[in-house]
Amino acid sequence: MAKGEIIIIPELCKGCALCTTFCPKACISLPGDLFTPTGYLLAVFSDPDKCTACGICGNLCPEFAIEVYKYTRDESPVAE
């Protein structure tokens, strides 16, 4: 299964929570005690082990504050 990673850019995040609402694996949270440089609540990538890099969070973010990366495991044999 592919693993994913997201990066939330604090300077762009406005704390709208669309990413937390629509993430199918609940990988993103809005803890309430972290803030962006401009004072908005900051979303946090809270459970990276569950992320599949589906891209929903990045597509829904109105501020383009989320970068989504998908990693795949190479199954080819390695020559030793």
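A salt bridge is a side-chain nitrogen of Lys or Arg within 4 Å of a carboxyl oxygen of Asp or Glu. Asp47 forms one with Lys50, and their closest N and O atoms are 3.5 Å apart. This is a predicted model, in which local features need pLDDT of at least 70, side-chain atom pairs count only at pLDDT 80 or more, and totals for chains, interfaces and linings use all residues. Residues are numbered from 1 along each chain as its sequence is written, and side-chain values use heavy atoms, with hydrogens and water left out.

Take the charged pairs first. The structure holds two salt bridges. One of them is Asp47 with Lys50. Asp47 is partly exposed at 23%. Lys50 is also partly exposed, at 39%.

Glu63 and Lys14 meet through their side chains in a salt bridge, at 3.6 Å from N to O. Glu63 sits in the loop between α2 (56-60) and β4 (66-71), and Lys14 in the loop between β1 (3-8) and α1 (18-22), so the pair ties together parts that are 49 residues apart in sequence. Helices (H or I, at least four residues) and strands (E, at least two) are DSSP runs, numbered from the N terminus. Glu63 is partly exposed, with a relative accessible area of 32%. For Lys14 the value is 39%, again partly exposed.

Now turn to the interior. A nonpolar core is a set of buried Ala, Val, Leu, Ile, Met, Phe, Trp, Tyr and Cys residues joined through side-chain atoms within 4.5 Å. The largest one here has 14 residues. Ile6, Ile8, Ile28 and Ile66 have the most contacts inside it. Contact means heavy atoms within 4.5 Å. Beyond its neighbours within four places in sequence, Ile6 is in contact with Ile28, Phe45, Cys51, Cys57, Ile66, Glu67 and Val68.

Next, the cysteines. A disulfide is a pair of cysteine sulfur atoms within 2.5 Å. The structure holds zero disulfides. The sulfur of Cys16 has its closest cysteine sulfur in Cys61, 5.9 Å away, which is too far for a bond. Cys51 is in no disulfide either; the nearest cysteine sulfur, that of Cys27, is 4.8 Å away. Cys51 is buried, at 9% relative accessibility. Cys16 is partly exposed, at 45%.

Two threonines lie in loops. Thr36 is placed between β2 (28-29) and β3 (44-45). Thr36 is buried, with a relative accessible area of 6%. Not counting residues up to four places away in sequence, Thr36 touches Pro10, Cys13, Leu41 and Leu42. Thr52 lies in the loop between β3 and α2. At 22% relative accessible area, Thr52 is partly exposed. Thr52 and Cys27 are 25 residues apart in sequence, and 9.5 Å apart in space from C-alpha to C-alpha.

Finally, look at the backbone of two alanines. Ala17 has a positive phi of about 70 degrees, although it is not a glycine. Ala17 is in the loop between β1 and α1. Ala26 also has a positive phi, near 55 degrees. The loop between α1 and β2 holds Ala26, and this residue is partly exposed at 47% relative accessibility.

Note on methods
Buried < 20%, exposed > 50% of the residue type's maximum accessible area, 1.4 Å probe, protein only.
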